[in-house]
Amino acid sequence: MSFGALSKEAHEAICLAMNKLGARSNTGEGGEDSSRFGATADGIPLSSKTKQVASGRFGVTAEYLVNAEEIQIKVAQGAKPGEGGQLPGFKVDGVIARTRHSIPGISLISPPPHHDIYSIEDLAQLIFDLKNINPGAAVSVKLVAESGVGTIAAGVAKAKADLIVISGAEGGTGASPASSMRFAGIPPEIGLSEAQQTLVKNGLRGQVRLQADGQIKTGRDVIAMALLGAEEFGFGTACLIVLGCVMMRKCNLNTCPLGVATQNPELRKHFTGKYGYLVNYFTFLAQEVREYLAGMGYEKFDDIVGHTELIEKREAFGGDDAGSREKHAALDFSRLLHKEEANCPLYHTTPQIHQLDDVLDRQIIRAAQQAIKRQDEANLDYAIKNTDRATGTMLSGIIAAKYGEAGLPDATINVKFKGAAGQSFGAFLTKGINFRLEGECNDYFGKGLSGGRIAILPPARANFAAEDNIIAGNTGLYGATGGELYINGKVGERFAVRNSGAIAVVEGAGDHCCEYMTGGRVAVLGQTGRNFAAGMSGGVAYVWDKNHNFDYFCNMDMVEINLVEESQYRKELHELIRQHYLYTGSKLARTMLDNWNRYVEDFVQVVPIEYKRVLQEEQVKKLQQKIADMQRDY
């Protein structure tokens, strides 16, 4: 249940109850207010143990990830399989905007897919990234109950996930469209059964934990799911009802009358739920599960996990209607209740091996011990090869755990690399770390950038024009929340997707650049591919339109294109290019700076229409307040 979909009071009540019970609450895809990471109420931690990483990557920073016991990759959910999350602008208040690194009033939309997951190998890379940032956290993957989910679950297990969630039914709060909640999702039993059977048949079940969610409310529901293969269980709707929800189905309109799923401050006053209510509910639920186990003759919960032979079909039911009884008798549950007899455990027995001992970061961390402990400056040099993946991520996790979002002072740890970097170079890089790579890098560079600085440039002896050549792969800067990225060369497709705060300068980009961007600044000193700025609702982009045909490549649904005429924007663009030259030595940047008045005329500015409107409204409010203050003083 997303932070942003639920009210602050409801979300905190759920967190407190789960932490009191030793269970786990989930942040949902909206991130979590950093003030809750170390806070307590009634002596109970306020932070959610499970931090979700969804396709929008809202609020996914290094600090957010290191404060997790479990990190959940949400591929899909029962309420809206195949869709991304949507939070309308009128629900985005100041707290939510700060948490999601946006501004109030801007609609926040998640892409339907994760743009760094197009295969099981890509998923394995993301799991590896997350294990590097927080080696102590379990990584789970949330899938939707559907036909064929068993094959996907087997791939997820091979990608080294610790936990697989099978999500079904029509659950979902906050901003799910009514059509999604009413007409999508199937019972979790169907997907759970297929996942269990496939994992057992392929000898993978012992390596992962299996969780089910979707309209689970009673002890009987828990037992039924356990018999089909689940050993963990997710609760959503039931928790909300305990806290006062009356199922008005108005969550997406921000008009919840009980203050459960609204950001309206007046309606939030009506919230009367307490975390103690949830503690009581789950205490009674656990007692009911124990009674069922005792009635079945078992002492341990693991003894029933996956034992579908214990499920008996009712032969006669359906009331007095003979036709109804005949129809029910024709139902065939044999495939649903099939039990694989492979030589494999039916529940989790063996931890995954994540191979974190030999990553390059281990060397960097040892060399930078004094910089981490005392904030002394460290200057390091390393050769890097394409098997060195997620370089800088483990280092960033250690710094974020020690210093939080503040990180280290600027330029505390400076690392020069030479060679070809592997995937996720500089992922989640925190403040105070500067990476300079002479060479090239693979996909996902700067993913989740959290305040660090990355410069990528060709080797000093390169005899080609950097601005005409691709130097970095696809999906760079995905989900970045802060920091700087300067690239002396072109990048691949989907650059700066869901950027919400980072500054970036590149010299050409492929298709879908700045897609779903909600903040930050991006300057492209060269040509872009198709579909530029699709779904972009915040931030500003500058593009060198030397051929004056950029309108052909730009998706105009949510943005407008302007010449860079206002002095403040000209100064901003000039500073971006100056910084780019400073950190990469770009010949193109030097040429532009030397002939600024000529080159600036060929730049265009891409600004989201909604973003521009909100900024103008803020300026009007400030002006009105200033006038009011002057009148009062007069």
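Buried means under 20%, and partly exposed lies in between. The buried residues of α17 are Leu573, Leu576, Ile577, Gln579, His580 and Thr584. Seen down the axis, these fall within an arc of 155 degrees, so they line one face of the helix. The arc is that of the directions from the helix axis to the C-beta atoms. An α-helix has 3.6 residues a turn, so residues three or four places apart point the same way.

Helix α17 covers residues 567-584. Its 18 residues should span 26 Å at 1.5 Å a residue, and its end C-alpha atoms are 26 Å apart, which agrees. The expected span is 1.5 Å times one less than the number of residues. Glycine 585 follows α17, and its phi is positive, near 70 degrees.

## About the model

This is a predicted model, in which local features need pLDDT of at least 70, side-chain atom pairs count only at pLDDT 80 or more, and totals for chains, interfaces and linings use all residues. Residues are numbered from 1 along each chain as its sequence is written, and side-chain values use heavy atoms, with hydrogens and water left out.

Helices (H or I, at least four residues) and strands (E, at least two) are DSSP runs, numbered from the N terminus.

## Helix α11

α11 has 22 residues. They should span 32 Å at 1.5 Å a residue, and the end C-alpha atoms are 32 Å apart, which agrees. Leu278, Val279, Tyr281, Phe282, Leu285, Val289 and Leu293 are buried in α11. They cover an arc of only 165 degrees around the axis, which puts them on the same side of α11. On the other side, Phe284, Arg290, Ala294 and Gly295 are exposed.

Glycine 295 is 162 residues along the chain from isoleucine 133, and their C-alpha atoms are separated by 45 Å. Isoleucine 133 lies in helix α4 (residues 120-133). Isoleucine 133 is buried, with a relative accessible area of 2%.

## A buried strand

Seven of the seven residues of β18 (residues 538-544) are buried, so this strand is largely enclosed by the rest of the structure. Two strands pair if DSSP finds at least two bridges between them. Five bridges join β18 to β17 (residues 518-524), and these two run parallel. Here alanine 523 has tyrosine 542 of β18 as its bridge partner.

Four bridges join β18 to β20 (residues 603-608), and this pair runs antiparallel. Tryptophan 544 stands opposite phenylalanine 603 in β20.

## Positive phi in two loops

Most residues other than glycine have a negative phi. Alanine 411 has a positive phi, near 60 degrees. Alanine 411 is in the loop between α15 (393-403) and β12 (413-421). Alanine 411 is partly exposed, with a relative accessible area of 25%.

Tyrosine 516 also has a positive phi, of about 55 degrees, although it is not a glycine. Tyrosine 516 is found in the loop between β16 (500-506) and β17. Tyrosine 516 is buried, with a relative accessible area of 17%.

Methods: Buried means under 20% relative accessible area, exposed over 50%, partly exposed in between (1.4 Å probe, protein chains only).
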